[in-house]
Structures are given as structure tokens and as C-alpha cells.
Amino acid sequence: MRPFGYVRARGADEAQRLLAATPHGAFLAGGTTQVDLMKIGLAAPTTIIDIGALPLAHVETLPGGAVRIGALAKMNDVADDPTMRAAAPAVTRSLALSASPQVRNMATIGGNVMQRTRCVYFRDVSQVCNKRRNGEGCSAVGGDDRQMAIFGASPRCICVHPSDFAVAMLTTDATIHLLGPHGRTTIPFGEFHRLPGEDPTRDTVIGPGELIEAITFTPSTLTRNATYLKVRDRTSFAFALVSVAAGLDVQHGTIRAARLALGGVAARPWRAHAAEAALVGKPATRATYLAAAEAELQAAQPQRLNAFKTTLARNAMVRALALVGGGAA
Amino acid sequence: MQSGTFTRRRFVVGVALPAVAFGVGLRPRLADARTVVAVVVAPRGPQPVAVTLAVNGTSHPLMIEPRVTLLDALRERLGLTGTKKGCDQGQCGACTVLVDGRRVNSCLTLAIACEGKHVTTIEGLAQNGALHPMQQAFIDADAFQCGYCTPGQICSAVGLLNEKRSLDEDSVREQMSGNICRCGAYPHIVAAVRAAGGAA
């Protein structure tokens with residue numbers, strides 16, 4: 001780790017001002033990403049602004065019924081929160097299936113959505129990587145691409161986003177609350193992460209000097225009837241090969257509303273819009289689920305070694321939808 | 001280990017001493033600087049700064065750079081070498097300690113960020129000369145072979161009980177998945193954790 005100064009922020013406004021005033025500053029929350037990145041040479045801030053003690057660590061129900069998750073809430077605390085378990089079981093399940101118990105005790109919700117890809121070429125500074133330095137090339141293209149994207153890749157970057165939580169949150173129509181140099185703003189959760197395109201260096205649309213304060217969503221029939229399915233190389237403590245978050249509102253056997261998202265398949269959590277469109281208004285049956293999954297996978301573009309992800313995603317989508325919609329898998 | 005013999009540990013401590021003496025000499029000036037910091041909110045460091053760590057019920061004043069991890073502070077500054085450095089990137093769990101009662105990876109924790117918190121290591125689990133029930137359960141179940149991962153396994157297991165996790169076997173396996181045992185003592189570890197929790 002390169003040397004850095006350290007300051008503990010006492011409030012969100014102070015933290016934001018400190019970051020804005022520090023040319024090479026970085027926030028430290030749980031540390032599971034930031035300290036890791038500093039150790040492997042991918043981050044070298046001159047100043048660490050510790051936001052771990054800010055009063056943003058709670059899950060609360062707001063007047064009107066929306067649920068507010070503080071950005072500094074620990075993954076384990078959100079996974080165990082009774083309000084969250086009832087309001088959004090896909091989200092709490094995604095957290096319980098993430099990382100290890102130690103990491104879940106440390107890592108925060110805000111840090112989770114800000115985490116960088118675990119692409120092995122990105123993490124190895126001896127390899128060229130457009131996400132680290134745009135224009136120098138992508139070692140994953142033509143390399144070991146088994147873990148890489150099947151949706152939304154660009155010739156410059158084919159990595160996948162590692163978060164489970166962010167995939168599950170796409171079923172909740174959530175809002176991210178930011179505090180920046182120009183005050184407080186909001187952005188739909190689904191617009192926060194970006195695809196690599198011509199500039200893979202930017203994972204999200206967050207601006208300079210901005211701090212995530214909270215994530216809010218309004219529980220509904222759909223968010224309460226949702227689940228998260230994660231498929232990985234080993235049973236625990238592994239990133240997803242493919243994951244599926246599915247939420248359905250089924251009335252009298254007909255799907256009234258659907259939210260479906262995939263993890264492990266793109267540089268951002270992947271909202272399956274085509275599948276959702278193929279679900280709404282249809283009977284909650286296996287045939288419907290299969291047709292929806294195949295509609296989504298029309299756009300899949302596997303790499304050399306990961307065509308299996310297309311089949312895996314299809315089967316995982318069908319199984320997840322059957323879990324929440326019935327109609328037999 | 002006999003007294004008078006040359007050991008790796010003794011060599012490391014001998015080499016580290018000059019750095020410690022240097023740090024102590026700096027302390028008064030930096031302590032003054034920190035008082036000012038509380039008013040203007042300027043960063044401390046990157047040179048060594050005064051950090052007080054509460055470990056196993058004792059308060060330890062240290063002079064360390066902000067980049068020093070809790071793991072390195074425990075092992076290299078406080079001599080608490082029960083906590084192990086395995087992967088040093090949060091994947092193996094050998095460095096697991098309890099911070100305010102919660103299990104964390106000390107390799108991904110900055111020591112300076114632990115000011116005001118209570119750290120418990122494997123050395124702090126025994127009380128009044130009696131092993132912690134989890135330590136005794138590991139011995140009773142023969143839940144280790146080489147022992148390198150054991151301090152982390154035990155701290156993680158104590159954290160598991162603090163979190164009131166289910167003690168059915170699948171749950172214990174999932175809840176202990178942050179601790180790797182290359183000897184493969186997992187079946188006995190699961191038995192020890194369940195026994196200490198009163199499930200077996």
C-alpha cells in the first residue's frame with residue numbers, strides 16, 4: 001500500500017466537502033474493496049476519508065411506506081433486518097449469498113454498489129486493461145473469458161459486475177440518494193451502473209465528489225414475492241457465474257407485473273427488459289417463463305469459453321420465475 | 001522453544017526495535033498536531049501518528065502509519081501473533097478477529113479505523129486461565145490438524161454464536177465458509193461449533 005493521510009469525517013456534509021477538497025482522496029467505508037484495491041496497486045489515494053462512523057447505517061421505514069437503507073448499513077445487518085426480509089426477500093437473500101460472513105460484517109451497502117469488477121486481468125497490474133487505463137487494450141478479449149460477459153460488452157471491455165445486491169435491487173425500482181458539491185440529488189438505481197462502451201474506466205455515473213447517502217424503494221406485492229438464485233462454481237463464498245433476481249405479481253394465474261434481472265453476465269447488473277415484456281399479461285406457467293428467458297437471450301453474445309452461461313441463464317431464469325410464480329419448473 | 005536459542009520471532013522483534021524507538025521519539029509533536037486536527041479536520045499522516053488500540057481489554061498507545069492494517073498492528077506491534085496472515089486479501093479467514101464483538105478480516109481493516117472500538121483476538125478469549133468454551137470444544141472435537149487456521153476459525157465461530165446463527169449443519173458450514181482449512185478438518189470444525197453452541 002502506498003502511504004496516505006487519514007481523516008475521519010463526522011458528518012455526511014463534512015465527508016463530501018473533504019472529498020471535493022482533496023485532489024486524490026477516496027472514501028473508506030467497510031474497507032473490503034478500498035483496502036483490497038490499495039493493496040494490489042489499483043488505488044493509491046493520498047488521503048483516505050473514513051466515512052465509517054457517519055450516522056447512515058440504518059434501515060428504516062419512512063412515512064408513506066418507503067424503506068430507506070442507509071449507505072453505511074452492513075450487508076449482514078440488511079440481510080437480517082426483519083423489515084427488509086418481509087419487504088424484499090430477493091434483496092436479503094442476495095446479501096446472505098454474498099461473500100463470507102466476515103466480509104458481510106464489514107462491507108456496506110454503498111460500498112457494495114461501488115465495488116469494482118473482479119476480472120482477473122483488471123486486478124493484475126502486469127496485464128493491459130482498458131478499465132485501468134483506457135486505450136491500452138483488453139487482456140480478457142481472446143484470453144480466459146469463461147467468467148466474462150454475454151450481454152453489453154464492448155471491444156474495449158468484457159468484464160462482469162460482481163454485486164449480488166445490485167442485481168436484486170433491480171426488482172425494486174429503487175432510488176439512489178447522492179450528496180454532491182451541488183447538494184442532494186437522486187438517480188434511479190437502474191441508471192446508476194453503466195456499460196463499458198468507449199470508456200470502461202467509469203463503472204457508474206457517480207460524479208466527482210459525490211457520496212451515496214441512502215437507497216430507497218417502495219415495497220409492493222412484487223417485491224414481497226421475489227427471490228434470488230445464484231449459481232456458482234462452489235457452494236459458498238464465490239462470485240456468481242449467473243444469478244437471477246425475479247419478482248412477480250400474479251393475480252388469478254396471470255402475471256400482472258414482472259421484474260427480472262441477471263448477475264454475472266454484464267458489466268452492470270442486467271435488467272432483463274425483453275423477458276419482462278414477455279411475461280406481463282401471460283399465464284404463470286413454465287411455458288411462459290421459458291419463452292421469456294429465450295426472449296432475453298436473443299441478445300446474448302457469448303465469448304469463446306462461456307457459451308454455457310446462455311444455457312445456465314435460461315435455466316436459472318425459468319427456475320427463479322417458477323419459485324415466485326408457481327406453474328412448475 | 002528453549003531460552004537462549006535464536007528464533008525467527010526473536011530476530012524479527014530485534015530488527016523492529018529501532019523503528020519503535022523512532023516512533024516513540026516522534027509522539028509528543030504528533031499528539032499536539034492531532035489536537036489541532038480535531039478542530040480543522042485535516043488528515044493525519046501519512047507519517048506515523050498516535051493511535052490508541054483497545055485490544056483484549058487493554059489500551060495500547062501506538063505510533064503507526066495510517067496504512068497499517070489491524071492484522072499487522074496486532075502481530076508486528078503488539079506481538080499478538082495468534083492472529084495469522086494467510087492470504088492477506090480477505091479470502092482465507094486466518095486473520096479473523098472480533099471488533100466490537102463482530103468477526104471481521106483484520107487484513108482488510110485499517111488499525112487507525114479501529115480507534116474507539118474493542119478488538120478481541122484469540123489471545124483474549126480465555127478468561128481467568130480457563131479456555132473459552134469454543135477453544136475447549138475445538139480441542140474436544142479434534143477440530144484441527146496443523147493449527148494455522150485455528151485462531152481464525154475459533155474467532156469466527158465465536159462471532160457465529162454472537163450473531164445467533166442457526167446451528168444446523170448446513171448453516172454452520174455456510175456460516176464458517178469465510179475460513180479455509182487446507183488440512184480439511186471441516187467435519188470436526190462443524191462438530192466443535194455445534195457442540196459449543198449447545199446443538200450437539
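Helix 4 (residues 150–162) of chain B lies across strand 3 (96–99) and strand 4 of chain B. Its direction is at about 35° to strand 3 of chain B. Helix 2 (residues 70–77) of chain B lies across strand 1, strand 2 and strand 5 (118–120) of chain B, and runs at about 100° to strand 2 of chain B. Axes are lines fitted to C-alpha atoms, for helices over the stretch in contact, and angles run from 0 to 180 degrees between N-to-C directions. Helices (H or I, at least four residues) and strands (E, at least two) are DSSP runs, numbered from the N terminus.

This is a predicted model, in which local features need pLDDT of at least 70, side-chain atom pairs count only at pLDDT 80 or more, and totals for chains, interfaces and linings use all residues. Residues are numbered from 1 along each chain as its sequence is written, while chains are lettered from A and ligands numbered from 1 in the order in which they are written.

**The sheet of chain B**

Chain B has 6 helices and 5 strands. Along the sequence they follow the pattern α-β-β-α-β-β-β-α-α-α-α. The 5 strands form an open sheet with mixed pairing, in the order 2-1-5-3-4. Strand 2 (58–64) and strand 4 (102–105) of chain B are the edge strands, each pairing on one side only. On average, neighbouring strands of this sheet are turned by 40° against each other, direction ignored. Two strands pair if DSSP finds at least two bridges between them.

| Strands of chain B | Bridges | Facing residues |
|---|---|---|
| Strand 1 and strand 2 | 7 bridges | Ala50(B) and Met63(B) |
| Strand 3 and strand 4 | 4 bridges | Thr96(B) and Asn105(B) |
| Strand 3 and strand 5 | 2 bridges | Val99(B) and Val119(B) |

Strand 3 and strand 4 of chain B form a hairpin with 2 residues between the strands. In this hairpin, Asp100(B) takes a positive phi near 50°.

Buried residues make up 42% of the 200 residues in chain B. A residue is buried if 20 or more other C-beta atoms lie within 10 Å of its own, exposed if 12 or fewer, and partly exposed in between, with C-beta atoms placed from the backbone. Of the contacts in chain B with a separation of 6 or more, 54% join residues 24 or more positions apart. Two residues are in contact if their C-beta atoms, placed from the backbone, lie within 7 Å.

**Where the chains meet**

26 residues of chain A are in contact with 27 residues of chain B. On the chain A side, strand 1 (5–8), helix 1 (12–21), helix 2 (34–39), strand 3 (47–50) and helix 6 (101–106) each supply at least two residues. Helix 6 of chain A gives the largest share, 5 residues. By class, this side has 13 nonpolar, 9 polar and 4 charged residues. Ala, Val, Leu, Ile, Met, Phe, Trp, Tyr, Cys and Pro count as nonpolar, Asp, Glu, Lys and Arg as charged, and the others, Gly among them, as polar.

**Core and domains**

The largest nonpolar core has 163 residues. Such a core is a set of buried Ala, Val, Leu, Ile, Met, Phe, Trp, Tyr and Cys residues joined through C-beta atoms within 7 Å. Helix 13 (residues 308–325) of chain A supplies the largest share of this core, 9 residues. Residues with the most contacts inside the core include Ala15(A), Ile49(A) and Cys159(A). Leaving aside neighbours within four places in sequence, Cys159(A) is in contact with residues including Phe122(A), Met148(A), Ala149(A) and Ala267(A).

Chain A is divided into domain 1 (5–53) and domain 2 (224–325). These bounds come from an automatic or database domain assignment. The C-alpha centres of domain 1 and domain 2 of chain A lie 36 Å apart.
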